[in-house]
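Welcome! Take a moment to look over the chain before reading on. The report below goes from the whole fold to a few individual residues.

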Amino acid sequence: PARPERQQSKQVAWTDAQVREALESMSQWYLQWSPHLWGKEGLAQEIFKSYEFASFERAIDFMTRASKVIDAWTPPHHPRWENQWKVLNVFFTTWDVDCRVTQLDIQAAKKLDALYLGG
């Protein structure tokens with residue numbers, strides 16, 4: 001895939017320990033490593049969460065609402081996500097620092113949780 005223009009290169013990548021500490025206060029977010037073309041040595045450090053909905057339609061409705069909110073974020077920061085039936089899997093990493101977790105990812109995850117909870 002085409003790599004987007006670097007916009008977040010001033011962000012600081014976090015260690016696994018820093019990420020795990022931040023995730024302690026966040027419900028059901030996890031640290032994982034995944035293959036990624038833009039990641040250092042082909043791997044991305046990501047935070048991940050699954051959101052479950054009552055139906056496929058509700059999952060798509062959430063994705064539609066979330067996409068509008070996400071597009072308005074300053075600075076811009078978009079997730080990778082996958083939808084299968086009524087489950088939405090969300091992944092955050094900062095591409096501009098070799099696919100490592102930064103403060104932006106933690107903030108974005110908290111914003112998405114607030115949207116999911118109706119905030």
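Two residues are in contact when they have heavy atoms within 4.5 Å of each other. With that in mind, take the contacts between residues at least 6 apart in sequence: 62% of them join residues at least 24 apart. Please keep in mind that this is a predicted model.

## The chain as a whole

The chain has 3 helices and 4 strands. Read from the N terminus, these elements follow the order α-β-β-α-β-β-α. The radius of gyration is 14 Å, close to the 14 Å that the globule rule gives for 119 residues, so the chain is as compact as a globular protein of that length. Along the principal axes, the C-alpha atoms fill a box of roughly 40 × 30 × 25 Å.

What share of the residues is buried? Of the 119 residues, 41% count as buried. The accessible surface of the chain is about 7,200 Å², and carbon and sulfur atoms account for 53% of it.

## The nonpolar core

Now for the inside. The largest nonpolar core is made of 24 residues, and those with the most contacts inside it are Leu23, Trp29, Ile47, Phe92 and Leu112. At least two residues of this core come from each of α1 (16–23), β2 (43–52), α2, β4 (87–92) and α3 (103–116).

Which residues does Leu112 contact, leaving aside its neighbours within four places in sequence? They are Tyr51, Phe62, Ala66, Ile70, Val90 and Phe92.

## Salt bridges

The structure holds 4 salt bridges.

| Pair | N to O distance |
|---|---|
| Glu46 and Arg80 | 3.0 Å |
| Arg80 and Glu82 | 3.4 Å |
| Glu52 and Lys86 | 3.7 Å |

Glu46, Arg80 and Glu82 are linked in a network of salt bridges.

Is Lys86 buried or exposed? The relative accessible area of Lys86 is 18%, and buried means under 20%, so Lys86 counts as buried. Glu52, by contrast, is partly exposed, with a relative accessible area of 49%.

What surrounds Lys86? Not counting residues up to four places away in sequence, Lys86 touches Tyr51, Glu52, Phe53, Ala54, Ser55, Phe56 and Ala59.

Ile60 sits in helix α2 (residues 56–71) and counts as partly exposed, at 31% relative accessibility. Trp85 is placed in the loop between β3 and β4, and at 59% relative accessibility Trp85 counts as exposed.

Trp85 has another feature to look for: a positive phi of about 55°, although Trp85 is not a glycine. Which other residue has a positive phi without being a glycine? Glu41 does, with a phi of about 55°. Glu41 lies in the loop between β1 (30–40) and β2. With 76% relative accessibility, Glu41 counts as exposed.

Notes:
Residues are numbered from 1 along each chain as its sequence is written. This is a predicted model: local features need pLDDT of at least 70, side-chain atom pairs count only at pLDDT 80 or more; totals for chains, interfaces and linings use all residues. Side-chain values use heavy atoms; hydrogens and water are left out. Buried means under 20% relative accessible area, exposed over 50%, partly exposed in between (1.4 Å probe, protein chains only). A nonpolar core is a set of buried Ala, Val, Leu, Ile, Met, Phe, Trp, Tyr and Cys residues joined through side-chain atoms within 4.5 Å. The radius of gyration is taken over C-alpha atoms; the globule rule is 2.2 Å times the number of residues to the power 0.38. Accessible areas come from the Shrake-Rupley method with a 1.4 Å probe; for residues, only the protein chains shown count as cover. A salt bridge is a side-chain nitrogen of Lys or Arg within 4 Å of a carboxyl oxygen of Asp or Glu.
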